[in-house]
Amino acid sequence: LAGPMPSGPDRSVQTHRMNSDINCDLGEGEPALRTRALIRSATSVNIACGGHAGDIASMRLCVREALKYRVRVGAHPGLNDRENFGRSANAVTSQTLELLLLQQVAALEKIARAEGARLHHVKLHGALYHLTESDARLRGTYLAVINAHWPKLTIFARAGGRVIAQAKKARLEAWPEGFLDRGYLPDGRLTPRTDTNAILNEAEVAERLGAIVRGEFSVAAGVRTWCIHSDTPGSVKIARLAKRELGSGQ
């Protein structure tokens, strides 16, 4: 992903521009025009695969558009809870999580193969993303399933979190993730979506991007991939700005 490292005072800024991957959560019911526009600014896409959102048609569309623009294809499994968009922390057992992963990741993998694409990564959605950070049992199940069935997939998980740390101990490829459009708590966790400052507006994202480029955003330490949610207001403009400021992670 990285090219030759420049010398001189701008070295740290150029490092951010050259190494940053931009990922988008897609196939979650957004209009097809938005799907296509976001893919044009992304370098990785996380495709909903039938749990919290998504169906065969949306998965196929996302994969085809990703192939067209040479964007990495990833699975975005979530709770089977469409009413709450997979963002409510329902009770989940290890057995439920294992079955969910086997069904959803395999479904996208099958569609991707039919279109001539390979899965590159997996990123949990919503409540599952946070539950695997807080629950050691679920975290272990998640990583064990990936290791057993898709050991070559890269895991996208929160920078500084427990999933990243445990994945690396298990010698799984893992990319620490930061969020461009979400608020952060002082301890590095995401601000709950119930809070008024959970979702950043375009101006706030622009400020954050400037801080990232200048090396002034503490969360950015170690981040390999930056997320933009397709349902964030102004997501297409945010993605274009991120592509301009952070550069291509291809």
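In this predicted model, tyrosine 184 and phenylalanine 217 are both buried.

**Aromatic rings**

Across the whole structure, a search finds 4 aromatic pairs. One of them joins phenylalanine 156 and tryptophan 175 in a stacked arrangement, with 5.3 Å centre to centre and 15° between the planes. Phenylalanine 156 belongs to strand S5 (residues 154-158) and tryptophan 175 to strand S6 (residues 174-179), so the pair ties together parts that are 19 residues apart in sequence. Phenylalanine 156 and tryptophan 175 are both buried.

Tyrosine 184 and phenylalanine 217 form another aromatic pair, which is edge-to-face. This pair links distant parts of the chain, 33 residues apart: tyrosine 184 is in the loop between S6 and helix H8 (202-214), and phenylalanine 217 is in the loop between H8 and strand S7 (225-229). The geometry of the two pairs is set out here.

| Aromatic pair | Type | Centre to centre | Between the planes |
|---|---|---|---|
| Phenylalanine 156 and tryptophan 175 | stacked | 5.3 Å | 15° |
| Tyrosine 184 and phenylalanine 217 | edge-to-face | 6.0 Å | 65° |

Ring pairs also bring Trp226 into a cluster with Tyr184 and Phe217.

**The barrel**

The strands form a closed barrel of 7 strands, which runs S1-S2-S3-S4-S5-S6-S7 with parallel pairing. On average, and with direction ignored, neighbouring strands of this sheet are turned by 35° against each other.

Two of the strand pairings may be described in detail. S1 and S2 pair in the parallel sense over 4 bridges, and leucine 26 stands opposite isoleucine 47 in S2. S5 and S6 likewise pair in the parallel sense over 4 bridges; here alanine 157 stands opposite proline 176 in S6.

How many of the residues of strand S2 (residues 44-48) are buried? The strand is mostly covered, with 5 of its 5 residues buried. Ser44, Asn46 and Ala48 point one way from S2, while Val45 and Ile47 point the other way, and all are buried.

**Helices and a loop residue**

Helix H9 (residues 235-246) lies across strand S1 (21-26) and S7, and runs at about 165° to S7.

Helix H5 (residues 126-134) is mostly covered, for 7 of its 9 residues are buried. The buried residues are Gly126, Ala127, Leu128, Tyr129, Leu131, Thr132 and Glu133.

Glutamate 28 is placed in the loop between S1 and helix H2 (32-41). Does glutamate 28 count as buried or exposed? Its relative accessibility is 10%, and buried means under 20%, so glutamate 28 counts as buried. The side chain of glutamate 28 is joined to that of histidine 125 by a polar contact of 3.5 Å.

How values were computed. Residues numbered from 1 in each chain as written. Predicted model: local features only at pLDDT ≥ 70, side-chain atom pairs only at ≥ 80, totals over all residues. Heavy atoms only, no water. Phe/Tyr/Trp six-rings, centres within 6.5 Å; stacked < 30°, edge-to-face > 60°. Buried < 20%, exposed > 50% of the residue type's maximum accessible area, 1.4 Å probe, protein only. Pairing = 2+ DSSP bridges. Axes fitted to C-alpha atoms, helices over the stretch in contact; angles between N-to-C directions. Contact = heavy atoms within 4.5 Å. Polar contact = N/O pair within 3.5 Å; in protein donor to acceptor, adjacent residues only side chain to side chain.
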